[in-house]
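Biologist: I have not seen this one before. Can you put it up and walk me through it?
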Amino acid sequence: MPDLPPPGRAPLLIGGFAGLIAGVLAGLWRFGWPMPDLVAGAPHGVLMMCAFFGTLISLERAVAVSQAWAYTGPLAGALTSLALIAGAPGLSVALGFLVCGVVLIAASACAQRRHDAVHTRVLTLGAVSWLVGVMLWLWQQTPDAAQWWWLGFLVLTIAGERLELSRLVRVSPTMQRLFVLIIALIVLGLVAASVGHTSVLGGALIALAGWLFKEDIARRNLRARGLPRYIAICLLSGYLWLMAGGTLLLTTPSPGSAGWDSAMHTLTVGFVFAMVFGHAPIILPAVLRVKVPYHSGFYLPLVGLHLSLALRVIGDLGDLFALRAHGAMGNALSIALFVLIMVTTATLARARTPTA
Amino acid sequence: MNPHPAAPDASAIREALRAVQDPEIGMNIVDLGLVYDIAVEGNRVAVRMTMTSPACPMGQMILDDVDEAIARLCPDRERSVELVWSPEWSPALMSESAKAHFGWQDDDA
């Protein structure tokens, strides 16, 4: 079956990004920032983890396997994202994400069949983790337990992709076995976190951060210039937040208590969005076939993201609500600035390219 | 008889492909060992290559860059760039300079 041409992929990406915008605004609404009625009380976590990341990663996987059927995953994700924003009932939304998850698993299995290795298996496991989260959400009617499996989806996806590249530095058999052990510990940690015990997951994430610091090609690419160096700095700064998030989970914070907001957002904003910032300049050209030439302005939103997250964590742990709220706003503005820089860079590059 | 006597041979095309980078790794696809085969037959240039992973979404973009690099070198030739998954890529296929960059020792396979 043929691949879907890039113009057909753009609406899927837009559906995912609608989820990002609504999700970020819904998060800010919780801090009391004035927001449009549309996002008042909207499910922040579901919008970010399912509508945005679920759609985005299933689109990325569909592009990788280059099969038309694989795009039904991000199509379901994008449509469901819009339905969720429009206020569709939870059941229909969960069913939409269920379809997206099943196709994501099938596409991941397709990549795994082409090259059966630990890293492709971990990517498939990540997709399964997302579907487990959607099913838990459907069953429990609340995302409380599901959110851990969605977090697991992102962590496993990133871990699988980094393991793939770390082969370049020749990972020893011992370190490979250690990686598999850490992945097993993460899955065990997700089960425990679903029933309120986050310390195993915290320990596993600290171990993963340590493994990545040691084995990832990012450390070597610090000596490179331009885009590879920028990506390396995104990755390594993200691993620091992964370590911090894992440490916070060791204390098993409960929702609403000090440490809870920090634990969730060091992992999702500090770790995951640093990965997004690093990879967007190569994933956007791959998905849309637009060039996003590197320039040093890429560092601006990255620095903003990390500084505002540090403020947010200090505000959370020090029980300073205003500082936490401003930190969250800083996170949102950094993400908005990043999207603006990506769109502007791609548009200017397109205008400069002579048409054939 | 070759209608393009001054046309570049496979080694010249291989050199031209050093301009194509894997942007994530920051290294060219020739040193990474991704280019399996370059055949120049009559008016046709055929390249068979792979990616480091089948889950890599940059595949088609890199194939386009390869096509462009060949077109710059010999615009009059027919071009075919094929993505293959067999044999599987392995880090052992990297050039000596790439292995040295990633810190491989002499006794590493």
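Biologist: Among contacts in chain B between residues at least 6 apart in sequence, what share joins residues at least 24 apart?

Modeller: In chain B, 61% of those contacts join residues at least 24 apart. Keep in mind that this is a predicted model.

Biologist: What secondary structure does chain B have?

Modeller: Chain B has 3 helices and 5 strands. Along the sequence they follow the pattern α-β-β-β-β-α-β-α.

Biologist: And how much of chain B is buried?

Modeller: Of its 109 residues, 46% count as buried. The accessible surface of chain B is about 5200 Å², and carbon and sulfur atoms account for 48% of that surface.

Biologist: Pick a residue there. Where is B:Asp67 found?

Modeller: B:Asp67 is in helix H2 of chain B, which covers residues 59-73. Its relative accessibility is 26%, so B:Asp67 counts as partly exposed.

Biologist: What is B:Asp67 in contact with, leaving aside neighbours within four places in sequence?

Modeller: B:Arg79 and B:Val81. As for B:Ile25, it is 42 residues from B:Asp67 in sequence, and the two C-alpha atoms are 20 Å apart in space.

Biologist: Backbone next. Which form does the peptide bond from B:Ser86 to B:Pro87 take, cis or trans?

Modeller: That bond is cis, with omega near 0 degrees. B:Pro87 sits in the loop between strand E5 (78-83) and helix H3 (96-101) of chain B. For background, most peptide bonds are trans, and most residues other than glycine have a negative phi.

Biologist: Over to chain A, then. What is phi at A:Gln141?

Modeller: Near 65 degrees, which is a positive value in a residue other than glycine. A:Gln141 lies in the loop between H5 and H6 of chain A. With a relative accessible area of 63%, A:Gln141 is exposed.

Biologist: And what about phi at A:Asp319?

Modeller: A:Asp319 is not a glycine, yet its phi is positive, at about 55 degrees. This residue is in the loop between helix H12 (299-317) and helix H13 (321-352) of chain A. A:Asp319 counts as exposed, at 68% relative accessibility.

Biologist: You mentioned H6. How many residues does helix H6 of chain A have?

Modeller: Helix H6 of chain A has 21 residues, 146-166. From first C-alpha to last, H6 reaches 30 Å, close to the 30 Å expected at 1.5 Å a residue.

Biologist: Why is H6(A) described as largely enclosed by the rest of the structure?

Modeller: Because 19 of the 21 residues of H6(A) are buried.

Biologist: How do helices H5 and H7 of chain A cross?

Modeller: At roughly 5 degrees, with the axes coming within 12 Å. H5 covers residues 118-140 and H7 covers residues 173-194. Angles under 35 degrees count as roughly parallel, so that is how H5(A) and H7(A) are described.

Biologist: Which residues meet there?

Modeller: From H5(A), A:Val118, A:Val122, A:Leu125 and A:Ser129. From H7(A), A:Phe179, A:Val180, A:Ile183, A:Val187 and A:Leu190. The residues of this contact of H5(A) with H7(A) are 8 nonpolar, 1 polar and no charged.

Biologist: Last one. Is A:His265 buried or exposed?

Modeller: A:His265 counts as buried, at 13% relative accessibility. A:His265 is in helix H11 of chain A, residues 260-288. Not counting residues up to four places away in sequence, A:His265 touches A:His44, A:Gly270, A:Leu309 and A:Arg312.

How values were computed:
Residues numbered from 1 in each chain as written. Chains lettered and ligands numbered in written order. Predicted model: local features only at pLDDT ≥ 70, side-chain atom pairs only at ≥ 80, totals over all residues. Heavy atoms only, no water. Helix = DSSP H or I, 4+ residues; strand = E, 2+ residues; numbered from the N terminus. Expected span 1.5 Å × (residues − 1). Buried < 20%, exposed > 50% of the residue type's maximum accessible area, 1.4 Å probe, protein only. Axes fitted to C-alpha atoms, helices over the stretch in contact; angles between N-to-C directions. Parallel < 35°, antiparallel > 145°, perpendicular 65-115°, else oblique. Contact = heavy atoms within 4.5 Å. Nonpolar A, V, L, I, M, F, W, Y, C, P; charged D, E, K, R; others polar. Areas by Shrake-Rupley, 256 points an atom, 1.4 Å probe, with all protein chains shown as cover.
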